[in-house]
Structure formats: structure tokens, C-alpha cells
Amino acid sequence: MVTIIRNASVYQPEYAGEKDILILGDKIAAIGENLRADFGGWVKVEEINGRDMAAVPGFIDSHEHILGGGGEGGFHTRTPEASLKDLILNGITTVVGCIGTDGTGRDMTALLAKAHGLENEGITAFAYTGSYQVPVHTLTDSLMKDIMMLDKVIGVGEIAISDHRSSQPTFEEFARIAADTRVAGMLSGKAGIVNVHLGDSPRKLDLIWRVIRETEIPASQFLPTHVNRNAALFDECLDFAREGGTIDFTGNEDIDYWETICDEVRVCKGIRRLLDLGISSDRFTISSDGQGSLPIFNQKGEYEGIGIGKASCLLKEIRECVQKEDIPLEIAIKGITSNPAAILKLENKGHIKEGFDGDICLLTRDTLELKTVIAKGRIMVRDGVQQVFGTFDGR
């Protein structure tokens with residue numbers, strides 16, 4: 001498969017000017033002007049007009065409940081699985097699957113099967129081992145063995161702290177998880193990241209801080225998520241980013257509603273504040289929490305209702321960063337491209353560069369509307385219309 005994107009404004013994510021992009025097979029082969037690919041008619045060359053388009057790396061969703069999530073309101077509130085359609089129509093070409101509150105009704109066997117299924121359908125999929133619960137529910141007999149020997153497992157998570165739904169892990173338990181994950185990552189050449197779910201408790205990042213200050217494990221070993229769920233938590237997470245940690249914003253398609261019932265920090269405003277404080281633009285990621293549950297509890301911790309995370313929020317958040325907060329596209333897009341690729345050690349992902357995977361999204365320059373999605377060199381979406389279908393997507 002040979003594809004040339006002509007005359008697109010290329011964001012690697014750094015702005016590289018108006019260029020052609022040549023994709024051979026599943027890799028980016030060249031970036032330049034007036035590129036040619038002549039195979040004497042033996043190979044079809046697909047050309048895409050990229051004029052007035054921004055070519056950005058395919059989106060990396062570093063926290064998605066590809067198996068579905070939820071259940072806090074009973075069995076009927078279990079959310080559905082993600083489909084290929086859910087992902088590619090929202091620009092996601094790489095996804096990291098996780099298990100949340102329910103690590104019993106959903107397990108690692110099912111999570112890895114789902115990740116392999118999505119990979120078979122055309123995108124790239126990884127997974128975290130475990131769930132909210134401590135001790136960690138693994139597929140093999142140990143957390144370290146899961147990370148070292150299961151190719152798709154790149155870390156552990158989402159381990160819940162500061163939340164009434166967590167296992168209330170002790171400092172010793174939490175430190176051991178971080179230590180084992182770090183060493184397993186070193187031995188396998190993987191990130192060995194601890195993806196940490198942060199709840200609404202006033203304890204905030206207390207366990208993370210203790211590990212950093214009382215052991216030799218650095219802040220870079222953690223990726224705390226849902227950092228913008230309330231204003232006080234976000235303040236503390238900015239301190240964590242100042243000390244070299246990376247923080248993960250959770251996108252919210254329905255933030256206009258949630259702002260009326262809580263003090264959740266809008267992603268674009270949070271990123272603007274981070275930048276204004278002089279914190280490096282490498283220190284944040286944005287994930288969707290797609291297919292995850294958004295339960296509503298009253299002050300007594302009693303369940304009152306539930307929503308669902310949507311993969312569509314990623315592009316919406318990038319659009320708001322640019323259009324509401326005047327954050328340059330090359331900075332905003334790092335949150336779902338180069339930054340997650342770096343902290344998760346996803347080689348050949350997150351950049352439009354020679355030798356990297358052919359994962360590219362084309363957005364309209366003026367409105368940032370998603371038009372074309374290419375995953376591993378294959379055109380998945382063209383002019384907003386799905387081209388490749390999952391087994392149960394329908395046509």
C-alpha cells in the first residue's frame with residue numbers, strides 16, 4: 001500500500017510547513033516537497049489532497065475502557081465495549097485499554113482478547129494490567145510477569161487512590177506496586193508506568209508523594225489521571241508536574257453540564273494555566289476515559305446516576321485549546337500524540353517522521369474538523385466517512 005498526502009500543513013507535532021508525506025506499507029517513508037512514487041504501474045499509488053488541511057500524528061488515547069466499565073449502580077449500569085468505529089471516527093489510531101472499578105466481572109483475559117481484536121481490525125492496542133483493586137488482579141501469577149512476558153502490557157492500572165471505591169491500599173502496598181512495575185519495565189524495555197486513578201478525597205496524591213519522598217522511585221514512574229476532576233486536586237497535580245511528573249487530563253464531552261454541578265476544571269483552561277505557570281508542555285497528556293462510567297454520588301457516597309466517557313472528547317478538547325485559549329495547535333496536540341508516546345515508551349508512535357508508523361489524521365485548518373484517518377498506512381476514514389469496518393460495526 002502506497003499513499004501520498006499532498007500539500008498538507010504538517011505538524012510533527014512541531015509545525016514543519018507545507019509538505020508531502022509518503023507512506024510505504026505501514027511506515028512513513030519520506031516528508032518533503034513534490035514527492036514521487038513510481039512503480040511502473042505495478043503498484044497503485046493513492047493520493048490524498050492535503051491542501052488546507054493540518055496533518056497531525058494519529059491520536060493516542062492512553063486511558064480507555066475498551067471492555068466497557070461501570071456497574072456502580074448494579075449490573076444494568078455496565079457500560080458497553082468500544083468498537084473500532086468508536087475509535088477511528090474520532091482519530092484514535094493507538095489505544096491503551098484498562099479496567100476500572102469492576103476487576104471481577106471484567107478480567108485481564110478479556111482485556112487482552114479485546115486489545116488483540118482491535119489490533120486485528122487495524123489499529124494499535126496496548127493494555128495495563130490490573131484495575132482499581134489492590135492486590136492487583138493479573139493474568140499470570142505476578143504483576144512483574146504480566147509486564148515482562150505479555151507483549152501488550154506496558155504497565156499497571158488504573159490503581160485507585162483517594163476514592164471511596166478503591167481498595168484503600170496502604171503505603172507499603174502502593175510502594176510495592178510502584179517498585180515491581182518499575183523493575184519489570186526496566187527488564188522488559190517497557191515504560192513500567194503506574195496509571196493512578198485519582199478520586200475526590202482530600203487525600204489527593206498523598207500516596208504518590210510519599211513514594212517519591214520516602215523511596216528512590218521518581219515521579220516519572222506515575223501517570224495520575226482524572227487530575228482535573230476538581231479544582232483543589234488540580235492545584236496539587238500542578239505541583240506534581242512542576243516536580244517532573246506527567247499529569248493526565250480526562251476529556252469531557254459534556255463539560256458544559258458537569259461545570260454546573262461540580263468544580264471540574266475544563267481541559268483547555270487547565271492546560272492554559274499549566275503553560276502560564278511555566279511548566280513544560282511535555283508534562284501533560286489528555287485521555288478520554290472512553291466507555292468508562294461517570295457515576296454521580298451524593299455527599300453520603302450513595303449512587304444517584306451514571307454517564308459514559310466518550311472517545312469524541314479528545315478532538316473536542318484540542319479544538320477548545322486552540323479556539324478558546326489560543327494555545328497553538330502544535331502545543332495542544334502534544335497531549336494526545338508525542339507526550340503519551342514518550343511517557344509510555346511507544347516507539348514509532350506520536351510523530352510524523354520518517355520511519356515512524358503511518359498513523360496520521362487530517363484536520364481542516366480553520367475548524368479542526370476530522371476528515372481523514374490513516375492507521376498503520378491504511379486509510380480508515382476518508383472525508384469523514386468510515387472506510388474500514390470492525391466485525392460488528394455494520395456498514
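What follows is a close look at the side-chain contacts and their setting.

Analyst: A caution comes before the details. The model is predicted, and side-chain atom pairs count only at pLDDT 80 or more.

Start with the salt bridges. The whole structure holds 28 of them.

Take E119 and K152. Their side chains form a salt bridge, with N to O at 2.5 Å. The pair links distant parts of the chain, 33 residues apart. E119 belongs to helix 2 (residues 108-121). K152 sits in the loop between helix 3 and strand 9 (153-161). Are the two ends buried or partly exposed? E119 has a relative accessible area of 25%. That value lies between the limits of 20% and 50%, so E119 is classed as partly exposed. K152 has a relative accessible area of 10%. Buried means under 20%, so K152 is classed as buried.

Next come E320 and R266. The closest N and O atoms of this salt bridge are 3.0 Å apart. E320 is buried, at 11% relative accessible area. R266 is buried as well, at 8% relative accessibility.

The pair E214 and R210 is local. Their side chains meet in a salt bridge at 2.9 Å, N to O. Both residues lie in helix 5 (residues 206-214). They are four residues apart, about one turn of the helix. E214 is partly exposed, at 47% relative accessibility. R210 is partly exposed too, with a relative accessible area of 36%.

Then there is the network. Salt bridges link K27, K349, D357 and D359.

Now the helix packing. The crossing is right-handed. From helix 6 come F234, D235 and L238. From helix 8 come G270, R273 and L274. By class, this contact has three nonpolar, one polar and two charged residues.

Q133 lies in the loop between strand 8 (124-129) and helix 3 (143-149). Its relative accessibility is 16%, so Q133 counts as buried. What does the side chain of Q133 reach? The side chain of Q133 comes to 2.8 Å from the backbone oxygen of T101. A second polar contact, of 2.7 Å, joins the side chains of Q133 and S131. Beyond four places in sequence, Q133 is in contact with G100, T101, D102, G103, I159 and S167.

P135 lies between strand 8 and helix 3. The peptide bond joining V134 and P135 is cis, with omega about 0°.

Another cis bond runs from Q12 to P13, with omega near 25°. P13 is in the loop between strand 1 (2-11) and strand 2 (15-24). P13 also touches E330. E330 is in helix 10 (residues 329-332), and E330 is partly exposed at a relative accessible area of 28%. Its contacts beyond four places in sequence are Y11, P13, E14 and Y15. How many residues apart in sequence are E330 and Y11? They are 319 residues apart in sequence, but 6.3 Å apart in space, C-alpha to C-alpha.

Two backbone angles complete the picture. N7 is not a glycine, yet its phi is positive, about 60°. N7 lies in strand 1 and is partly exposed, with a relative accessible area of 26%. L368 also has a positive phi, near 55°, in a residue other than glycine. L368 is in the loop between strand 16 (360-364) and strand 17 (370-375). L368 counts as buried, at 4% relative accessibility.

Methods: Residues numbered from 1 in each chain as written. Predicted model: local features only at pLDDT ≥ 70, side-chain atom pairs only at ≥ 80, totals over all residues. Heavy atoms only, no water. Left-handed = near helix turned anticlockwise from the far one by under 90°. Contact = heavy atoms within 4.5 Å. Nonpolar A, V, L, I, M, F, W, Y, C, P; charged D, E, K, R; others polar. Buried < 20%, exposed > 50% of the residue type's maximum accessible area, 1.4 Å probe, protein only. Polar contact = N/O pair within 3.5 Å; in protein donor to acceptor, adjacent residues only side chain to side chain. Salt bridge = Lys/Arg side-chain N within 4 Å of Asp/Glu carboxyl O.
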